[in-house]
Amino acid sequence: MISYCSIDYLLVFLPAVLLGYLVLPKHLRRVLLLAASYGFFWYLSGPLLLWHVAVCAAVWLIGLRMKHVILSRGEALGQIERKDREARRRVRETYSRKLRGWTILSGVICFGILLSLKYTPFFLQNLNAVLARTGTGMQFEIPVIAVPIGISFYTLQAMSYVFDVRNEKLSAEGNFFRLTLWLSFFPLLMEGPIVRYAPTAEKIWEVDRIKGENFQKGVWRILYGVMKKLVVADRVNMAVELLYTDFAKYDGGMVFLAAVLFTVQEYMEFSGTIDIVIGTGECFGFFLPENFRQPFFSRTISEFWTRWHITLGAWLRDYIFYPLSMSAPLKKLTKKCRARFGNHYGPVITGAVALFAVWLFNGLWHGAGWSYIFFGMYHFTLITAGSFITPVVMSFCEKHSINRQSAPYAFFQRIRTALLVAIGEMFFRALSLKHGLQMFVRIFRHASLRSFVDGTALKLGMDLQDYVIVLAVLVFVFVISLLKEKEVNVRQKLYEKPVPVRALITAVFVCLIVLFGAYGAGYVPVDPIYANF
Amino acid sequence: MKYIKMILPALLTVALTCILLLYLSNLTAPKNNTQEAGHDAWAAYGFEAEPADSIDAVILGDSESRTNMSPMEMFHIAGFTSYCCGINMENLSEAYEMLKLVFRYQSPKLVILDCNCIFSSFDWKDALMTTAESVFPVIRWHDRWKDLKPEDFTTVSAYTSREVRKGYYHAMRSNAAPAELTDIYMAESDDRDPIGAINEYYVKRIDSFCRKKGASLLLLATPSVKNWNYARHNACMDLSKELEIPFLDLNLMPEEVPIDWSVDTRDEGDHLNNDGMKKVCDWLAPYLRETYQLEDHRDDPAYDASWTDLYNEYTEVINTWPKKDSDS
């Protein structure tokens, strides 16, 4: 599969689009971006592009219908006296029902396409398993269904547009092509970030001319992403493949290494791709939202999910967690729980109900498989358990005079969080939930560090130099992350240097990637992990 | 003019990047065409170590080209010098780059393109990478950063290791081709194996390069039951007619090249072994000398050191199965 780190994209497609954008007049730049986006989609998914067009058309038409309903409601309310509250309530209810109907229809279309294309085989596999137990002998054939690239991403984006129109956070878009460009903008197609309509669509549609500063900073961001992907993620790929396929051959230390290496690989691949995506946007002058904010500086799992895949977390928060938490039944439950279990545990219990829905959705969104559902439930359990034991931990720390704000305690929390994340990622990457559980058990039952000293670790397709270069890049990323945490804008500081210095920095960066990249003979590039979701 | 502030720094960046990449290319490239120096296709590049303009014919292609013909054998039979620059799994874009490199050191009158390579699977990205590798060899050799020694920083790459087999990959072992292949081998047909657009484009580039350099190009299909069939023959025949390049298919010449597939192949009909290669050379070498008027150097003292005197060493080498595969 093509990735944003491929020759196709970096050396051919992106330069061609940038060049076209540079030379074309403003009104043609929109045409170029739309053509490039659909061309890119076609290149990746062929005629499956039609599913994307169908989603665009559906949410555009439904948005317009909703706009009409909202305007009609305004007119109807305008004809009723303010004092007549009952009549006004009835009007609101009537129109609210209509809006709900349109929202449900859009959900049925968008999620219907997603579910039928992506989840049908999973559903039928499980149905077959159930049928096999009934002894009827009835089995369904599992179809092989081609799924358009990034369907999970653009479906969420499309639904966010519908929800925002319904909640009157934005007015429905009248221009079909403007909506389509936002929903198909080529850097966003494969791995997000999941952008909202309001801030992004307008900026893209403005198609301002390319500015030197944005272009330079965009190129640096792209190179940073390429380095993460090419030097680290692709380099550890063979070891990850070996360890996850043949984990039973290795001791607990190696299985734990598998968990750590995949966590490193996934972070470097996903955040690296997002760097390329955001850098691409910056080159054009579009500032896309960040999807990562130094996730491994998190002190708790809850915090981790505000720093990792931020736009997915925000989507789940805004469109699942808040609406559920604010729904009448849950409000009622919170009241009851508060009275019964107190001010801490009461909201935690009802919050867990909304969180359960969020994490079930999160797990399923990542993929059609029990290991993904388990992954969601794993994080749900950790976050809920964290909320439950907070008072216990606080009183324990108070009793033993442990300063929860001290640096050593923060360090302990960060290491603990990183370990919990790595375990979760192991289940995520394992070939099945059964394999994930077996790997987890193996870490403890066959606990040993022998493989690290007897040379096994160097027989995984990675030699000592590979480990050294991976470590060096991770240290570099850590330093950059630390500076970001301290709100130091590294690229701004570099940009303030004289032109020859900036040129030299870029040239050295390119050369280091060419020299230390894991490509060519002996390497198999890792497919974009999140593009399959 | 409004973009001038952006274009100048970009040009400076590109220039600096090129300079640094050229430096890294020199740093990482093997300093000699030997295995010890880290070269993965040392035999194919041995033509650089031959005396300048001493090679009459070069053979391009994939593993078929380097196993089915032996330059030293052909020298012994017909007296002209040749070099086999084929590399395993080589595609046509790589063959084209190799050809350009050959003409920097040698001036062959004849270029033989083994036809198996014409059906190699590659795309424009592979071709782009091949071109990039030829401009900046660091792209090919970048992984050698792991093996860099202090001398790599001070010495310049020079391929001086002369290959006694002149690029030929020898094998004594015999592993008969299975009946299911030999039974249908070269069964007449009107089918045509498709030649990819990019493959055709590179054959044309090789052809026009040869014409520019005044060299003759020959499309040659050497015997292989596993890789060759009538559909490929037809496709190459069409191409040769279109480009007006001679095409010779040894698979259809059992009387001239009597390959016995039960003993003359080393890997079940994929490649020939030494005996099979000798049968090919016995017929091919005189044919090439006569057809292309290649000079006989066997009595020329200028060729003693690099050809005539090496024949005994060559026969000794090829008659001894290497201790390990990498030796060959």
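Predicted model: local features only at pLDDT ≥ 70, side-chain atom pairs only at ≥ 80, totals over all residues.

**Reading the model, feature by feature**

Analyst: Let's start with A:Gln294, which is partly exposed, since 17 other C-beta atoms lie within 10 Å. Its phi is positive, about 45°, although A:Gln294 is not a glycine. You'll find A:Gln294 in the loop between helix 10 (252-284) and helix 11 (301-307) of chain A.

User: And A:Glu168, is that one buried or exposed?

Analyst: A:Glu168 counts as exposed, because it has 11 C-beta neighbours inside 10 Å and the cut-off for exposed is 12 or fewer. A:Glu168 also has a positive phi, near 60°, again in a residue other than glycine. It sits in the loop between helix 5 (151-166) and helix 6 of chain A.

User: Which peptide bond is cis?

Analyst: Look at the one from A:Gly192 to A:Pro193, where omega is near 5°. A:Pro193 is in the loop between helix 6 and helix 7 of chain A.

User: How do I read a helix such as helix 2 of chain A?

Analyst: Check its length, then its faces. Helix 2 (residues 26-45) of chain A has 20 residues, which at 1.5 Å a residue should span 28 Å; the end C-alpha atoms are 29 Å apart, so that agrees. Its buried residues are A:Arg29, A:Leu33, A:Ala36, A:Ser37, A:Phe40 and A:Phe41. After the helix comes A:Gly46, with a positive phi near 60°.

User: What about strands?

Analyst: In a regular strand the side chains alternate between the two faces of the sheet. In strand 3 of chain B, B:Leu110, B:Ile112 and B:Asp114 point one way, B:Val111 and B:Leu113 the other, and all are buried. With five of its five residues buried, strand 3 (residues 110-114) is largely enclosed by the rest of the structure.

User: Which strands pair with strand 3 of chain B?

Analyst: Strand 1 (residues 57-60) of chain B does, in the parallel sense over four bridges, with B:Ile59 opposite B:Ile112. Strand 4 (residues 216-221) of chain B pairs in the parallel sense too, over five bridges, and there B:Leu217 is the bridge partner of B:Val111.

User: How many residues does each chain bring to the contact?

Analyst: Chain B brings 21 residues and chain A 22 residues. On the side of chain B, helix 1 gives the most, with ten residues. By class, that side has 13 nonpolar, three polar and five charged residues.

Notes. Residues numbered from 1 in each chain as written. Chains lettered and ligands numbered in written order. Buried ≥ 20, exposed ≤ 12 C-beta atoms within 10 Å, placed from the backbone. Helix = DSSP H or I, 4+ residues; strand = E, 2+ residues; numbered from the N terminus. Pairing = 2+ DSSP bridges. Contact = placed C-beta atoms within 7 Å. Nonpolar A, V, L, I, M, F, W, Y, C, P; charged D, E, K, R; others polar. Expected span 1.5 Å × (residues − 1).
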